[in-house]
Amino acid sequence: MFKYILKRVAASAVTLLLVAAITFLAMNAIPGNPFLDENTTVEQMEIANAKYGLDQPLLVQMKNYLLNYLHGDMGESLKMQRGTPVKDIIFGQGKFELSIQLGVLALFLTVLMGIPLGCIAAYNRGKAVDNFLNVFSTVGIAAPNFVVATLLLTLLSVKLGILPAVSGSFNDPKAIIMPAIALSLYYVCYVAKLTRTSMLDAINQDYIRTARAKGLRTGSLIFKHALRNALIPVVTYLGPLTAGLLCGGFVVETTFGVPGLGRYFVSSIIDRDYPIIMATTIVLSTLIIGMNLIVDIVYKIVDPRISLSGTNN
Amino acid sequence: MKRKALATFFIACGCLAMVFGGTNVRADEEFTIDAATGYSEPHSMDPTLTTGGDQYEIIVHMEEGLMKFAPTTEAVGTNPEEMAAEIVPGQAESYEYDEDTLTYTFHLRDDIVWNDGTPVTADQFVYAWQRLVDPNTASSNGSLLNAIVKNAAAINAGEMDPSELGVEAPDDKTLVVTLENSCAYFLELTCSSQLMPLRQDVIEGNDTWTEAGTYCANGPYVMTEWVHDSYITLEKNEKYYDYENLGPDKITFHLSDSQTSNLAAYQSGDYDFISGVPADQIEALEASGDLFVNPRCNCTYLYLNVDSMTDWRVRAAVLLAIDRDNIVENVTQDGSTAAISLIPEAITTSEGESWPDAVGEVMYSWLQEQYPDYDLSDYVGRCELAQQLYQEAVDDGWNPDTSMDYQYNTSDTNKAIAEAVQSDLSNVLGINVTLNNIDSAGYTQTISQGGFYIARLGYGLSYNDAIGYFNLFGSNGSFEYSGWSNEKYDELVAQAHTMKAGTERDKVLEEIEAIMFTDEGFSICPLYDGSYTYCMDSTLKGVFYPAIEGVTIFSYAEK
């Protein structure tokens, strides 16, 4: 187990390096420049490029980036509050924590709603409950989250006035409710569908039939025996989902005015703010890679058939 | 057992909520204004580096230039409670200029200090102006003073030291500016954020000086808090010379570009002012009396590339065939007005008359003279002439199967406008137009390389002088992307630069614009003039709006 984890961590480091290198080359391949806007001449842009080292060969710039990152230096922003350390922009004023709070709550909602709904649908297969949940989750998956967000705003904030329209930094504990629902609805529905499918698969297995024949109660049958196997595809999905929820709230953060990290994934690219593009990508990749590692370990716990070392099956 | 686990979980959730949450303290007695300018986090609050009206809106509450905007008693736009603005002395108590208007001498007020108590001195202006033109500052407004203040262009090009700039401080309270050309709008320029004084001792060596705490104010308000991506709070500056007359105790600018949530916050009473509302809500809000429209100094136009559309009649046909009323009524739907001239309504002649009102439908006047049989004041008549001109061009060898590309920078509005133009050109002239969108960051770089047929651009001016638009085009134009040049145009632009404001100069400016819409021109096709839509709490009074900057100023608001 320990050896396996070590191996995986080493592989992860290489992946991260590749991600950084590819991002660097890709962001330099798109046309545009942080110093170019409607009023700038090309000469002015070149002077600025020289000042901030953007005139050096790409490979030299890339080497500098990677070396700086190894020293924990994420560089300085070129556009957003120019000159401010990227670390302050991304982690300053609790930005990262806000995104984490929102993501964690959305993740809770996803797991606590999605999995039971999937189980209920599977157990009541073909009945009215199943049909209702099927329609609900299809709509939930199809509705883009800005639509969900707008509906929630209109209903809960403008019409009923029970929740604040602008969530801000969640100073008001109620403020996190709408963003969390808007962020998680899609995932709740997706996980419900996923759970239902794999649950149906599991319910029809021989060992469940045997257990049922032995007279086990339905509850214990579903939650103790079937669910454990049914969860494998769900757990696989939860890894990337977690990373996505933690950093992927661009639309939700913008709509509800949450000053989180999510918006920087999009705005930094629009601004061509290279150091922030690098930083957000690396933070997100680290999260995804880390989550995948955790998922692989959770597999071992959920499903004893999977062996981590691959030698003993 | 399971129930217990569930209960434990909910308790844990509760604890989390308590840990994450806090309490909301609100003092009721204060007069506060919550405003959303419709923009997200400003790229910079450094007055030298600002790029847009959203930043100016906040900065103008905190910083003051030699001249400043003050409310008049005349209403602006559709709201009788919002006042127009005029330019009055700000940090300068008085000024004088020589006969040729080439040397300005400003005398600063005696009672001006920064919020930390340091006096405002003339050399702080010198520092700010030199910093602006210094190419190392890499300000996108670095060329603002080119051809105006002595040596600015050479310094900005890196050929001269910033200390050679034509601005001096003979003593703490006197500022002398030497101009290269008599600049009709020079006093207005001194209101812009780039020419406000700066503290060298605060800025040098501190890249994060624009944060609350170190941000110095010499204007009416001072920044007390800036939660990035969320809001900026300003409070009254006790050291300001007009402190006694200031309005709100606290102004909070909410930094969100989500029009939906800004509107929701306005409707639920959290915000007193929002600018920019979703297009589909405009009608309902206008009916309920919440929405107001102000003119804004911005013109959206198309470049008709003279290298691709070599026949002027093809370009004129394109200009005539576009239904501008349809665009403003059904596409933008935000109170923008159909262009009849390149120069928007917010620009005035030297006598204060709105430019389009003074010069009339300059886009069509030459054509009307040449083709008196068509009624060009009407879209149907314009379409008939467009078809006639296009047919003439085809008869002279223009290939009617030519497919034209239309370049625009990615945005929903730009796309919808492009589609409207596409359909007009197809219906009226049978031209096949292909749409091509380009990411904003690389847009001007791409179209500056030419090779297109049609490309859109919008341009806002921050001083009230039509010449700002004429500077964009022609051989020396900073934005001449259609490949057009005209000797007479260049000459007249150069001449207007050296003239003093007055009716004589207005005539020259009119002549310049007329050239653009003759058989020697039609490289620019104006579409519409922008607008500024906002909702404001009906109890707010005393708010004013300098149309030229397109910002709302709350410093003297009352409730």
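This is a predicted model: local features need pLDDT of at least 70, side-chain atom pairs count only at pLDDT 80 or more; totals for chains, interfaces and linings use all residues.
The C-alpha trace of chain A extends over about 80 × 60 × 30 Å along its principal axes. Residues are numbered from 1 along each chain as its sequence is written, and chains are lettered from A in the order in which they are written. Local features require pLDDT of at least 70, and side-chain atom pairs pLDDT 80 or more, whereas totals for chains, interfaces and linings use all residues; side-chain values rest on heavy atoms, without hydrogens and water.

Over all chains, 19 salt bridges are present (a side-chain nitrogen of Lys or Arg within 4 Å of a carboxyl oxygen of Asp or Glu). One of these joins the side chains of A:Asp130 and A:Arg196, at 2.9 Å from N to O. The pair connects distant parts of the chain, with A:Asp130 in helix H6 (residues 128–142) of chain A and A:Arg196 in helix H8 (residues 177–203) of chain A, 66 residues apart.

In chain B, helix H9 (residues 312–321) and helix H13 (residues 379–395) pack with their axes 8 Å apart, at an angle of about 160° (axes are lines fitted to C-alpha atoms, for helices over the stretch in contact, and angles run from 0 to 180 degrees between N-to-C directions). H9(B) and H13(B) are therefore roughly antiparallel (angles over 145 degrees; under 35 is roughly parallel, 65 to 115 roughly perpendicular and the rest oblique).

Notes. Helices (H or I, at least four residues) and strands (E, at least two) are DSSP runs, numbered from the N terminus.
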